[in-house]
Amino acid sequence: MADYWNIAPGMENALKECFSREVEADVTLEFVIPEKDFNNAGKGSSEVKNLLKRLGVDSEILRRIAVASYEAEINVAAHSVGGKMTSLIYDDMIHIKFEDNGPGIADIKQAMVPGYSTADDLVREFGFGAGLGLPNIEKNSDALHISSEAGQATLVEFLIFFS
Ligand SMILES: Nc1ncnc2c1ncn2[C@@H]1O[C@H](COP(=O)(O)OP(=O)(O)OP(=O)(O)O)[C@@H](O)[C@H]1O
Ligand SMILES: [Mg+2]
C-alpha cells in the first residue's frame with residue numbers, strides 16, 4: 001500500500017496520534033456510499049454538517065468540514081465500487097474516514113494534482129470530473145492521509161479541529 005500524508009511540519013507525531021486515538025469518540029456516524037448513486041451521495045456529509053451545526057461548531061470550520069467531506073463522499077460514489085463514510089466526533093475535532101472496496105488509486109501523487117481526473121462520461125454528466133476534489137480536501141483539512149494502490153481498497157481520512 002502507498003501512503004500519502006499532508007501534515008504540517010513538526011506536527012507529524014501529534015497528528016498521527018489523532019488518527020489513531022485510543023479514546024472512544026463522543027459520537028460515531030456511519031453512512032454507506034453506493035457506487036454512482038449521485039441522488040444520495042452527499043447525504044452523509046450534510047447530516048454530519050447539520051449535527052455539528054447543532055453542536056455549535058464555528059461556521060467557517062463547518063464550511064471546511066462540509067467541503068472536504070462532500071468531495072470525499074462524491075469520490076467514493078464516482079470512482080469506486082462503493083464504500084462507507086465513518087465520522088468520529090470528539091470534543092476538539094472531527095476525524096472522517098472514507099473506505100471503499102476498490103479499484104484503488106495507482107499513483108496518489110498524480111491524483112492530487114489539480115485538474116487530474118479519470119472521471120467517466122456518466123460522472124461528468126453529473127458535473128463532476130474537474131480534478132479538484134482531492135486538492136480541495138487537502139486545502140480544507142488540518143491533516144490528510146490517503147492509503148491506496150492499484151487493485152486495492154482506498155482509505156481517505158482527514159482531521160479538522162474545532163478551534
Ligand atoms: N476513492 C477513489 N477511488 C479510486 N480513485 C479515486 C478515488 N478518489 C479519487 N480517485 C482518483 O483521483 C482522481 C482525482 O480526484 P479528484 O477528486 O481530485 O477529482 P475528480 O473526482 O476526478 O473531479 P472533481 O472532484 O473535481 O469532481 C480521480 O479522477 C480518480 O482517478
Ligand atoms: Mg472528486
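P103 sits in the loop between β4 (93-100) and α4 (108-111), where helices (H or I, at least four residues) and strands (E, at least two) are DSSP runs numbered from the N terminus. A cis peptide bond ties G102 to P103, with omega at about 15°. Another backbone detail turns up at K36, a residue other than glycine whose phi is positive, near 55°. K36 belongs to the loop between β2 (27-34) and α2.

All of this comes from a predicted model, in which local features need pLDDT of at least 70 and side-chain atom pairs count only at pLDDT 80 or more, while totals for chains, interfaces and linings use all residues. Residues are numbered from 1 along each chain as its sequence is written, and chains are lettered from A and ligands numbered from 1 in the order in which they are written.

Zooming out, the protein chain has six helices and six strands, and from the N terminus on they run β-α-β-α-α-β-β-α-α-α-β-β. The radius of gyration of the protein chain (taken over C-alpha atoms) is 15 Å, close to the 15 Å that the globule rule gives for 163 residues, so the chain is as compact as a globular protein of that length. That rule is 2.2 Å times the number of residues to the power 0.38. Along its principal axes, the C-alpha trace spans about 40 × 35 × 25 Å.

On to helix packing. Helix α2 (residues 43-54) packs on α3 at an angle of about 165°, with the axes 8 Å apart; axes are lines fitted to C-alpha atoms, for helices over the stretch in contact, and angles run from 0 to 180 degrees between N-to-C directions. That makes α2 roughly antiparallel to α3, a label for angles over 145 degrees. The contact (C-beta atoms, placed from the backbone, within 7 Å) brings together G44, S45, V48, K49, L52 and K53 of α2 with L62, I65, A66, S69, Y70 and E73 of α3. By class, these residues split into six nonpolar, three polar and three charged. Here Ala, Val, Leu, Ile, Met, Phe, Trp, Tyr, Cys and Pro count as nonpolar, Asp, Glu, Lys and Arg as charged, and the others, Gly among them, as polar.

Helix α3 also meets α6, and their axes come within 9 Å and cross at roughly 150°. These two helices are therefore roughly antiparallel to each other as well. On the α3 side the contact uses R64, V67, A68, E71, A72, I74 and N75, and on the α6 side G133, N136, I137 and N140. Five of the contact residues are nonpolar, four polar and two charged.

What about the ligand? Of the 22 residues around ligand 1, A111, S117, T118, F128 and G133 come nearest; a residue counts as near if its C-beta atom, placed from the backbone, lies within 6 Å of the molecule. The elements giving two or more residues to this shell are α3 (59-79) and α6 (133-140). The biggest share comes from α3, with five residues. The shell as a whole holds 11 nonpolar, nine polar and two charged residues.

Terms used:
Parallel < 35°, antiparallel > 145°, perpendicular 65-115°, else oblique. Contact = placed C-beta atoms within 7 Å.
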